Amino acid sequence: MADKDTPQEVAAKFIEKLKSSPFVMIGLNDGEHSEPMTAQIDDDQPNALFFFAGRDNRIAKGGAAMAQFVGKGHDFFACMAGDVSTSNDRTQIDKLWNNQVEAWFPGGKEDPNLTLLRFDIDSAELWETDISVGGRLKMLFGGTIRSDESSSHAVVNSIA
């Protein structure tokens with residue numbers, strides 16, 4: 001498959017897609033299932049996603065992890081590898097706090113069960129499924145999709 005965009009362009013599109021639909025499946029590499037969580041993005045800290053969670057959440061203990069993302073239009077997919085750690089920096093909590101988070105933590109920022117988790121991304125594989133009209137017709141009626149009719153794909157060590 002020939003890629004239409006550079007890896008940096010694909011990564012930039014990923015960030016925009018994630019901002020418009022910040023939901024990922026994330027799990028530690030410990031045999032437990034992944035779970036859906038809402039990613040918080042800090043533009044000042046590239047290659048990191050943040051998650052407000054309960055201290056008893058299955059990923060709160062931290063460690064090697066994988067996260068998957070599907071764009072809300074099913075036009076973008078991502079698989080990210082990295083490490084989860086606790087990041088209870090009060091300044092970061094204040095910066096990322098919003099109404100959606102507050103709905104889950106009735107005690108607010110002082111909720112004793114609240115923890116902020118940081119997912120540092122070591123690598124990511126990204127797919128943009130923007131297939132041309134000709135390619136879509138071939139998928140419907142049979143035929144081989146040429147590389148110039150296919151989507152973009154990138155393996156990156158940085159999503160910034």
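Find Glu110 first: its relative accessibility is 59%, so it counts as exposed, since the cut-off for that is over 50%. This is a predicted model, so keep that in mind as you look around. The side chain of Glu110 meets that of Arg90 in a salt bridge, at 2.7 Å from N to O. That pairing links distant parts of the chain, with Glu110 in the loop between helix 3 (99–104) and strand 7 (114–128) and Arg90 in helix 2, 20 residues apart. Arg90 is partly exposed, at a relative accessible area of 36%.

Now look at Lys109, which forms a salt bridge with Asp94, the closest N and O atoms sitting 3.2 Å apart. Here too the pair links distant parts of the chain: Lys109 is in the loop between helix 3 and strand 7, Asp94 is in helix 2, and 15 residues separate them. Both ends are partly exposed, Lys109 at 28% relative accessibility and Asp94 at 37%.

Helix 2 has another charged residue to check. Lys95 forms a salt bridge with Asp44, with the closest N and O atoms 2.6 Å apart. Asp44 lies in the loop between strand 3 (40–41) and strand 4 (48–54) and Lys95 in helix 2 (residues 90–96), so this pair ties together parts that are 51 residues apart in sequence. Asp44 counts as exposed at 61% relative accessibility, while Lys95, at 45%, counts as partly exposed. In total, the structure holds eleven salt bridges.

Time to go inside. Which residues have the most contacts within the largest nonpolar core? They are Phe14, Ile26, Phe51, Met80 and Phe119, in a core of 27 residues. Several elements each supply at least two residues of this core: helix 1 (7–20), strand 1 (23–28), strand 4, strand 5 (63–70), strand 6 (76–86) and strand 7.

Leaving aside neighbours within four places in sequence, Ile26 is in contact with Ser34, Glu35, Met37, Phe51, Ile59, Met66, Ala67, Val84 and Phe119.

Terms used. Residues are numbered from 1 along each chain as its sequence is written. This is a predicted model: local features need pLDDT of at least 70, side-chain atom pairs count only at pLDDT 80 or more; totals for chains, interfaces and linings use all residues. Side-chain values use heavy atoms; hydrogens and water are left out. A salt bridge is a side-chain nitrogen of Lys or Arg within 4 Å of a carboxyl oxygen of Asp or Glu. Helices (H or I, at least four residues) and strands (E, at least two) are DSSP runs, numbered from the N terminus. Buried means under 20% relative accessible area, exposed over 50%, partly exposed in between (1.4 Å probe, protein chains only). A nonpolar core is a set of buried Ala, Val, Leu, Ile, Met, Phe, Trp, Tyr and Cys residues joined through side-chain atoms within 4.5 Å. Contact means heavy atoms within 4.5 Å.
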